Amino acid sequence: MRLSYHKLKIPLISPFTTSFGTDVNKDVYVFTLEHNGITAYSESVTDENPFYGSEDNYTVIHIVQKYLAQIVKDLPEPQEFNKKTMFIKGNNMAKASMEMLLYDYHAKVKEKPLAEYMGKSRGYANVGISLGMDDINVTLKKIQDALNRGYKRIKVKIMKGKETQILGAVRDQFPDITLSADANSDYTEKDFQLIKKIDRYDLIYLEQPLYHDDIIYHSRLAKEISTPLCLDESITSPEKAQKAFEMEACSVINIKEGRLGGIGNSIKVMDIVKNFKGHVWIGGMLETGIGRSFNVSMASLSDIDYPGDTSPNDKYFTHDIVKNPFTMENGTIKPNMGYGIGVEISEEYLKKYTVEEGFIV
Ligand SMILES: [Mg+2]
């Protein structure tokens, strides 16, 4: 058994701006597990800064090298891995990077596509697009392009003070589209009056307006606005999903496997949402074709009912590190049907973008 990593720096086609800041490169760790002729892959959804969550690339490689690699070495089934790593608090993205590696490995051992190994797949995923903040005319043009390409939901990033400007311009030009907005925690409990203005734009949901780890204020806000709330950053475990629904803090959840500690916990959250008759979709973190293949497989599960942020990567990267990137047809993407995540790695671009590599165990 050999576990190794490549740290990559992949240039983005255009800078991606959220309320956290602007990215011009994607800095990502790709992990490789080789055993008995099988090669499995995963990536960490962290980047260089702990701005989305509390982890970054440096904490991930530390946790993987110091703790997780010793557990991965025995090639446990993913559920077993989750139990064995419970003694490590937090560090969900580090755990997810190894748990997903084991998902790919075991699906390959059992000669099954990942979607089939995970559960009941409908065979395709509905796709939406997430647009970073930009000059409003650029955003409007990007929305028109996205609609022309068949995307089933448009999501725009907003920030405090710019919400009516952005959403007003979008709704003026596109009165009938399925639209949502992501505030990435840019508001506080003092901004409810301001947030209420968003109700007039008929969003399918407003995503994570308040603090990144909050449920209580979201629960208060949900009672004051008519727009459904979607939680992203706050839902870091199945328990938090359960509490959020019990408190009616949201009716929609954006699942990101990395944030939840892997696929096992993501499936648990999916089941909780179903139990509360909520809605659920799969988010994205500017993944390469490796991470995207996990997402698309997950988004194809029949209990995922809203379009996800699992668009083809050619929107973000000039070149992906996989030879078989996804293509979208009529707003849908089909999961890879090869064994495991079913990606073919492009050695050329993997090498080109690698800034550091090494063996872990
Ligand atoms: Mg979000």
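## Ground rules

Residue numbers start from 1 along each chain as its sequence is written. Because the model is predicted, local features need pLDDT of at least 70 and side-chain atom pairs count only at pLDDT 80 or more, while totals for chains, interfaces and linings use all residues.

## Two domains

Domain 1 covers 2-111 + 344-359 and domain 2 covers 116-333, with bounds from an automatic or database domain assignment. Their centres, taken over C-alpha atoms, are 22 Å apart. Domain 1 brings 36 residues to the contact and domain 2 brings 35 residues; contact here asks for C-beta atoms, placed from the backbone, within 7 Å.

The largest nonpolar core holds 100 residues, and Leu 101, Ile 253, Val 269 and Val 280 have the most contacts inside it. Such a core is a set of buried Ala, Val, Leu, Ile, Met, Phe, Trp, Tyr and Cys residues joined through C-beta atoms within 7 Å. Buried means that 20 or more other C-beta atoms lie within 10 Å of the residue's own, with C-beta atoms placed from the backbone.

Helix α3 gives the most to this core, with 10 residues. Both domain 1 and domain 2 give residues to this core, so it lies between them.

## A look at α3

Helices are DSSP runs (H or I, at least four residues), numbered from the N terminus. In α3, 17 of the 18 residues are buried, so this helix is largely enclosed by the rest of the structure. Just after α3, Glu 111 takes a positive phi of about 55°.

Notes:
Two residues are in contact if their C-beta atoms, placed from the backbone, lie within 7 Å. A residue is buried if 20 or more other C-beta atoms lie within 10 Å of its own, exposed if 12 or fewer, and partly exposed in between; C-beta atoms are placed from the backbone. Helices (H or I, at least four residues) and strands (E, at least two) are DSSP runs, numbered from the N terminus.
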